[in-house]
Amino acid sequence: MPGRRVRARAVLTWIAGLGLLAACNGQIEGGADEASAGPPAYGDTFIQASIGDIGGLIPSLTSDQSSHEVGGMIYDGLVKLDKDLNMVPAMAESWTYSKDCLDLTFKLRRDIKWHDGYPFNADDVVFTYQAMVNPKTPAPFKEGFLLVKSVDAPDPYTVHVHYDKPYARAVETWGTYILPKHLLQSFVDAGTMRESPQNSQPVGTGPYRFQEWKPGEKVVLVANPDYYEGRPYLSRVVYRVIPSQATIFLELKAKGVDYVSTLTGIQYARQTEYPAFRKAYHKFRYPASDYTFIGFNLKDPRFADRRVRQAFAHAINKQELIDGVRLGLAREATGPIRPGTWAYTDKVARFDFDPTKARELLAEAGWQDRDGDGVLEDKDGKPFTVTIRTNQGNDERKKIAEIVQQRLKEIGIKVDIQLIEWAAFIKEFVKPRRFELVVLGLGTGTDPDQFVVWHSSQRGPDQMNRTGYANPEVDALLEAGRSSCVQSERVRYYHRIQEILAEDLPMIFLYNRDALPVVAARIHGVSPSPSGILYNFNEWYVPKAQQRYTSG
Amino acid sequence: MALFALRRLLLSIPLLIGITFVSYVVIGLAPGGPLDFLTPEDPNASPEVKERLIKEFGLDKPIHVQYWQWLKRAVRLDFGRSFLPDGRPVSAKIAERLPVTLFLNLIELAIIVGLAVPIGVLSATRQYSLYDKITTIFVFVGFATPDFWLALLLMILFGVQLGWLPISGLRSLNWEYLSFWRQQWDFFAHLVLPIVVATFGGLAGFSRYMRQSMLEVVRQDYVQTARAKGLSERAVISKHALRNALLPVVTILALALPGLIGGSVIIESIFAIPGMGQLMVQSVFSRDYPVVMGNLVIVASLTLVANLVADITYALVDPRIRFGGRRGRA
């Protein structure tokens, strides 16, 4: 199960505008030749392959990516992400902060109707909040709502949110799926949301209406003609569940699907480079919102020494990993913040590939080859041996471990590799912090707040600071960054955090992978942007002459 | 006879309970639990939700208590609801998957039997002939070919290169809009590849059994006798030999019954067929205990029933078994 964290993390970004994929200026590739396109037309069916079935149709209760992709079409939030990763109004017309960042007021649009014709108003927003914080609601992501002190609706089109302390991600929180009060109230009260009809026959306000879910087979959505931002051009959207990656690729080659969210490196670079494929599909490439890293266990006395961590960074050639593992389809990572977002900076310390320097640093830290066997020892003659662990079934991570093993051997460190099934890996090694080095990936949201990953208070077994990193300066910056709603102040905090992390190296940030989606060439209106390609899905169309599925 | 069947039936009840208990414990011991998949490895996931779900699912109780709770409901045929966010009843989940798997497997079995019997009989009666050698090679190739590999090759050839057959799924996406006969044709076309792949492997084993069984029978005295009294070779083979040779094969058939329900994970995954095999694997991977147990009870009961049926058929045919318990062997 590669990248489970990454998937789950898509939640907040997805809601807010299908923006799973991040970007960098001038690094977006791929594109459509729009010259021969006819005028926009309604109709046709858009078929998307999905490797897993959806978990349910109230996406707030699920954590898998498929559910959130489908949910993002059926439901709307008060705000969403635009193509440049900025928050923009959606169901809300506008929002305002009070000076102290404690009060947030949304003005709602008046022209929104639920798919069953029922008018939408502020009661639904208040209800959604109440449903999310209800202890009986098994929603995996409710942190943002628990920080809210109160929500009220002074009139049917105004929502007033009050916080105890300033919360930087407040607006982002309200990109959540707004749920229909008139259909769900009784189920929320009874704590049976999962069993409600809404979870199998959802009613939302989004651009697409639910038509059918055949478990394990497909989900069918149809365009909502009354959508408040205008009817989407593509009339039907079908998510086909195809549990085999190989089959998805063959379906793609046979033109059985119109969109695949990400090809593998080898598929992108080699297996799709022939004329017929290039004619049938457009390929795109831009940085995805996750990074792959090698994490140290800072509880291990050897890695508690920063010089050892820096020596490891010098010993590893990131570009070699990118070329060898991703066929060049990734970019060197400098820190945990998503490149292309306002908080990102690449002006941080870098540790270039330099084995000599690595050896020097290790010697400084007391590691020398005392018996001439090619392996370094400490003063007592104990050899430097470590185990790199990662989850089974992720070929990329396995290859990283192998290349790093070779590179570390060159500076005199003996490395073993252990691959463990995902659930066991997390439960037996990562959570109890019984590891030396791990190769893993982590998703980055659009907001830079990473309090839970780096703050010293988050080092418990069920918490996310898995390396056990503790730095008082970073703690203070994280707290400050999270409690400000003024972006210009926050920029400073997060730049400083990135500088410190790059020096401290609680983990070696390896690379940001590229997302490699393909879209059928008959679909027009696709225009890559920093947030990916799906942000303007409602404007995608197929000219009448090229429409393939006439029915529906 | 009825007594024999009844006794066997009663004996299988404790056996079934034993199977479910062991399964329950084993799946519970597997690393990770349903919560690891419901509350993701994510910075923003809330730990309270986890505790709440653990209570709701009853996972905070000791495993024997959990099992007892499950058993009490299971005897009333209530298998509970799935742990997944859809929260649907286990019986509904199984009911929507079962028909496809059953249908596919019945067709496969029919084809396998239809082809394997003549292949086996012919290669037995012409042992060491060219035909026998060719089928032997064919059979071993079939046995050794991994079905996912064969499936991909056939998909590339017929789906991508030639474009004659659909690659995956059971129906085209515009199925509802086709005429009745086009619908049937569409469905049939989707079935061709999965069935070919599934039968290819099964055919190999089955025709070997048939050959073996036939070879043993032709050497028996009564076949010699039949020949000696001047019957034509055709009559000897079809009337005397084949009937007896089919006996062990019938047993194997009965034992294949649970497999009909279980479905093939590989075939279903690769051809994107939403059947029982996929359901079972997904529920194991996501540690969806109620669905795993629901599936297991069905498959285990069928295995027991199949065993019973096999024994009863034997008893019907062979009096030595029927009365063996009381009179001792003759």
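**Exercise 1. The contact between the chains**

How many residues does the contact take from chain A, and how many from chain B?

*Solution.* The model considered here is a predicted one. Step 1: chain A gives 49 residues to the contact and chain B gives 39 residues. Step 2: on the side of chain A that touches chain B, several elements each supply at least two residues, among them α1 (4-15), β2 (43-50) and α15 (422-430) of chain A. Step 3: by class, this side of chain A divides into 23 nonpolar, 12 polar and 14 charged residues.

**Exercise 2. The nonpolar cores**

Determine which residues have the most contacts inside the largest nonpolar core.

*Solution.* Step 1: the largest nonpolar core has 169 residues, and Leu78(A), Phe293(A), Ile508(A) and Leu510(A) are those with the most contacts inside it. Step 2: strand β13 (residues 281-296) of chain A contributes the largest share of this core, 8 residues. Step 3: leaving aside residues up to four places away in sequence, Ile508(A) touches Phe293(A), Ile294(A), Phe312(A), Ala313(A) and Ile316(A). Step 4: there is also a second, separate core of 18 residues, which includes Ala116(B), Leu203(B), Val236(B) and Ile237(B).

**Exercise 3. Strand β17 of chain A**

Describe how strand β17 (residues 437-443) of chain A is covered, and identify strands with which β17(A) pairs.

*Solution.* Step 1: of the 7 residues of β17(A), 7 are buried. Step 2: in a regular strand, side chains alternate between the two faces of the sheet. Step 3: Leu437(A), Val439(A), Gly441(A) and Gly443(A) point one way from β17(A), while Val438(A), Leu440(A) and Leu442(A) point the other way. Step 4: β17(A) pairs with β13(A) in the antiparallel sense over 7 bridges, and Val439(A) is the bridge partner of Ile294(A). Step 5: with strand β15 (residues 385-391) of chain A, β17(A) pairs in the parallel sense over 2 bridges; here Val438(A) is the bridge partner of Arg389(A).

**Exercise 4. An open sheet in chain A**

In what order do the 4 strands of the open sheet in chain A follow one another, and which strands stand at the edges?

*Solution.* Step 1: the order is β5-β6-β8-β7, with antiparallel pairing. Step 2: β5 (92-97) and β7 (148-155) of chain A are the edge strands; each has a single partner strand, so one side of each is left without a neighbour in the sheet. Step 3: from one strand to the next, the twist averages 20°. Step 4: β5(A) is joined to strand β6 (residues 103-108) of chain A over 5 bridges, and Tyr97(A) has Leu104(A) as its bridge partner in β6(A). Step 5: helix α3 (residues 122-133) of chain A lies across β6, β7 and β8 (158-163) of chain A, at about 165° to β7(A).

**Exercise 5. Helix α5 of chain B**

*Solution.* Step 1: α5(B) (residues 90-125) and helix α13 (residues 276-285) of chain B pack with their axes 8 Å apart, at an angle of about 140°. Step 3: Lys93(B), Arg97(B), Leu98(B) and Thr101(B) of α5(B) meet Met276(B), Gly277(B) and Leu279(B) of α13(B).

Notes: Residues are numbered from 1 along each chain as its sequence is written. Chains are lettered from A and ligands numbered from 1 in the order in which they are written. This is a predicted model: local features need pLDDT of at least 70, side-chain atom pairs count only at pLDDT 80 or more; totals for chains, interfaces and linings use all residues. Axes are lines fitted to C-alpha atoms, for helices over the stretch in contact, and angles run from 0 to 180 degrees between N-to-C directions. Two residues are in contact if their C-beta atoms, placed from the backbone, lie within 7 Å. A nonpolar core is a set of buried Ala, Val, Leu, Ile, Met, Phe, Trp, Tyr and Cys residues joined through C-beta atoms within 7 Å. A residue is buried if 20 or more other C-beta atoms lie within 10 Å of its own, exposed if 12 or fewer, and partly exposed in between; C-beta atoms are placed from the backbone. Two strands pair if DSSP finds at least two bridges between them. Ala, Val, Leu, Ile, Met, Phe, Trp, Tyr, Cys and Pro count as nonpolar, Asp, Glu, Lys and Arg as charged, and the others, Gly among them, as polar.
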